[in-house]
Amino acid sequence: MTTPDGRAPAGPPLTRAERASERYTDGEWHRLHPATPLLRGGIVFIAIFGFVLSNLRERLIGFFVGTPQYGGDPLDAIYDHGWEGWALLGVAVVLLLCFGAFYLSWRMHSFRITGDAVEVRSGILFRTQRKARLDRIQGINVVRPVIARIFGAAKLDVSVAGHDANVQLAYLASSLADGLRGDVLRLASGVRAAEAEAAAEQSSSAPGEVPGQASSRTAVVGDLVGRRVNEFLAPELDPNAAPPESVVKIPPLRLLGSLLLSGFTVFVVVVVAVLIWGATSGAMWLLIVVLPGLIGSASFYINRFTKSLRYSIAGTADGVRVGFGLLSTSNETLPPGRIHAVEVLQPLLWRPFGWWQIRIDTAGHSREKGAAGQPNTTMLPVGDATDVSRVLSLVLPGFVTDEHREIIQAGMVSRGRDQFTGSPRRAAWIRPLSWQRTGYRLVDDAILLRRGLIWRSLAIVPLARLQSLELQQGPLDAALALAEARFHTVSGPVRPRLAAIDAPNGVRLFEEVSARAVAAAEADRSHRWGRIAPDAARTAPAAPRTPVDAPPIPLDAPRTEES
C-alpha cells in the first residue's frame with residue numbers, strides 16, 4: 001500500500017544489527033576494528049615468530065633436557081660478549097616501533113558512508129582515498145576468515161562497476177558488517193529517506209529508555225566468549241533473513257560428486273594411467289615427477305569441498321544472497337537489476353545425474369573467490385532442475401510463471417524444432433551436431449539463446465542490460481545465407497552469442513531486439529529498486545522487498561491446464 005501523499009511506505013522493521021549500524025552512516029569519518037592492524041599485517045610477525053621458534057628448537061631442548069651445546073650460534077656470541085641487555089633493548093625498540101606503526105596505521109585508516117557513496121582513506125606517508133558511488137554498487141560481500149572470526153571481525157567488500165573500483169572495509173565488528181551491508185543497500189535502493197522519516201515520527205512519541213547498570217567484568221568476558229562460540233556454531237544463513245521457500249542449498253554428496261565428475265578428475269585419471277604405464281615399463285622417473293602432483297590433487301579436492309560446504313542461495317529483502325564456507329565464511333548480496341546475463345549449462349559428465357550449473361555476468365566482482373575456489377560469477381555450482389528453477393526465479397523475478405517454466409525447460413533439454421526460432425537445415429554444414437538445437441526466443445524483456453548438444457547451454461540476457469548488438473557474417477556464412485548474432489554485455493563468463501542462424505531471421509532479430517532494448521532501458525528502475533515511480537505509486541500497491549512472492553514451480557512439475 002502507499003501513504004496518503006503517494007509515497008512508498010518504508011520497508012519491514014530493521015534488525016538489531018541494522019539499527020545499531022545507523023550511526024555509522026551519518027557522513028562522518030569512523031575507524032575500523034581495533035584488531036585491524038593485527039589481522040592485516042600482524043599475522044606476518046606471528047609467522048616470523050614461528051620461524052624463529054622452529055630454528056631455536058635445539059636450544060630449547062637443550063635448556064630443558066640438558067643436551068650439549070656445539071657453539072657457533074648467534075645467541076652464543078651475544079652471551080659470550082655480555083650483550084644480553086643491548087639485545088633485549090633492541091628487540092623492545094623494534095616491537096615498540098611495530099606497535100606504534102600499527103596504531104598509527106589504524107588511526108589513519110577510516111571510512112565514512114554518506115547518502116551518495118562509501119569512502120575509505122588510509123596510509124601514513126602516502127595517503128589514498130577510494131570512493132564507491134551507491135548508484136554503481138553491484139554487490140556487497142561480507143567475508144569472515146577463520147582468524148578474523150576469533151576476534152569477532154569481518155571484511156565488508158563493496159563491489160562497484162569498473163576495473164579495480166571496489167572499496168573494502170577491513171576489518172569491522174562482525175555484527176556491524178552485517179548491519180552496514182543492510183544500511184548501505186537501503187541507501188542505494190532509495191528507501192532510507194522514508195525509513196528515516198518513519199523513525200523520526202516514532203522517536204518523537206516513544207518513551208525514553210532507562211539505562212541499566214554496568215555489567216561486571218566477569219559477565220562481560222563470559223558474554224564475549226559466548227558470542228564467539230555462537231558465531232562459530234550458528235548456521236551460515238540466518239533463518240529470519242529469507243523466506244524458507246526461497247532458500248536453495250547444495251547437499252554435500254552432490255557437491256562431492258560434482259567435484260569428482262569434473263575435467264580435473266579426467267586429467268588426474270589420465271596422469272594415473274601414464275604413471276602406471278611408466279612404472280610397468282621401467283620409467284621410474286615418471287614416479288618422481290608425477291607423484292607429488294597427485295598428492296597435491298588430494299588437497300585440491302579437500303580444499304574445494306570444505307570451502308563449498310553450507311552453500312546457500314536465498315532471496316532477501318535487498319537482493320539475492322549467496323553464502324558458503326565452513327571455517328572461513330563468505331556471503332554476498334546482489335541487489336536487483338545488477339545481473340547482466342545468466343547462463344544455465346550442463347557438462348557432459350553431469351547429464352546422467354541431471355545436474356546443472358548457473359553462471360552470471362555482473363559489472364563488478366568481489367575480490368574474494370567464490371565457492372570451491374571458482375569465480376564469484378558462479379551463482380549455482382551444481383544443482384538439479386528444481387534448483388535451477390528456484391535460482392532463476394530469484395535472479396530473474398519475472399520468470400516465475402508456468403509458461404516461463406516451460407520455456408526454460410525447452411531451452412535446457414529440448415533438441416529443437418519447437419517454439420524457439422531455430423537454424424535452417426543448411427546450418428548442418430558448419431554445425432553438424434547442434435544445428436537442430438541452436439535457436440533463440442524473445443520472452444517479455446529478455447532474449448533466450450539455446451545452443452550445444454554435447455555441452456548444453458541456455459543464456460538469458462535481460463534487454464535492459466544489453467549494451468550493444470552485433471550481426472556478423474563470414475564468407476562461409478554468406479555462402480550459406482547464415483549469420484551470427486552477438487549480444488554484448490559486461491565482461492564475464494557468459495558469452496551470449498548464437499551462430500548459424502538464418503540471415504533474414506538475424507536481420508529481423510537485430511531490429512526487434514534493438515527497439516525492445518531501448519524501451520526496456522527507459523522503463524528500467526532497478527538502480528533505485530526500493531523506490532516506486534510517483535505515477536505507479538498512486539495506482540499500484542508497493543512492491544515487497546522480497547524478490548519472490550511465492551514458491552517457484554519446479555521444472556519437472558507436472559503440467560496443468562489452468563491458465
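## Basis of the report

The structure is a predicted model, in which local features need pLDDT of at least 70 and side-chain atom pairs count only at pLDDT 80 or more, while totals for chains, interfaces and linings use all residues. Residues are numbered from 1 along each chain as its sequence is written, and side-chain values use heavy atoms, with hydrogens and water left out.

Strand β13 spans residues 356-362; strands (E, at least two residues) and helices (H or I, at least four residues) are DSSP runs, numbered from the N terminus. The strand is mostly covered, as 6 of its 7 residues are buried. Here buried means under 20% relative accessible area, exposed over 50%, and partly exposed in between (1.4 Å probe, protein chains only).

Two strands are said to pair if DSSP finds at least two bridges between them. Strand β12, residues 339-346, pairs with β13 in the antiparallel sense over 6 bridges. Strand β14, residues 378-383, also pairs with β13 in the antiparallel sense, over 3 bridges. R359 stands opposite T378 in β14.

## Salt bridges

The whole structure contains 16 salt bridges, each defined as a side-chain nitrogen of Lys or Arg within 4 Å of a carboxyl oxygen of Asp or Glu. One of them joins the side chains of E119 and R112, with an N to O distance of 3.0 Å. E119 is buried at 6% relative accessibility, whereas R112 is partly exposed at 24%.

## Links between separate elements

D418 and R450 form a salt bridge whose closest N and O atoms are 2.8 Å apart. D418 lies in the loop between α14 (402-413) and β15 (421-422), and R450 lies in strand β17 (residues 446-451), so this pair ties together parts that are 32 residues apart in sequence. R450 is buried, with a relative accessible area of 0%, while D418 is partly exposed at 29%.

A further salt bridge connects the side chains of D178 and R144, at 2.6 Å from N to O. Because D178 belongs to helix α7 (residues 174-189) and R144 to strand β5 (residues 137-144), the pair ties together parts that are 34 residues apart in sequence. D178 is partly exposed, with 29% relative accessibility, and R144 is buried, with 11%. Through salt bridges that share partners, R144, D178 and R181 are joined into one network.
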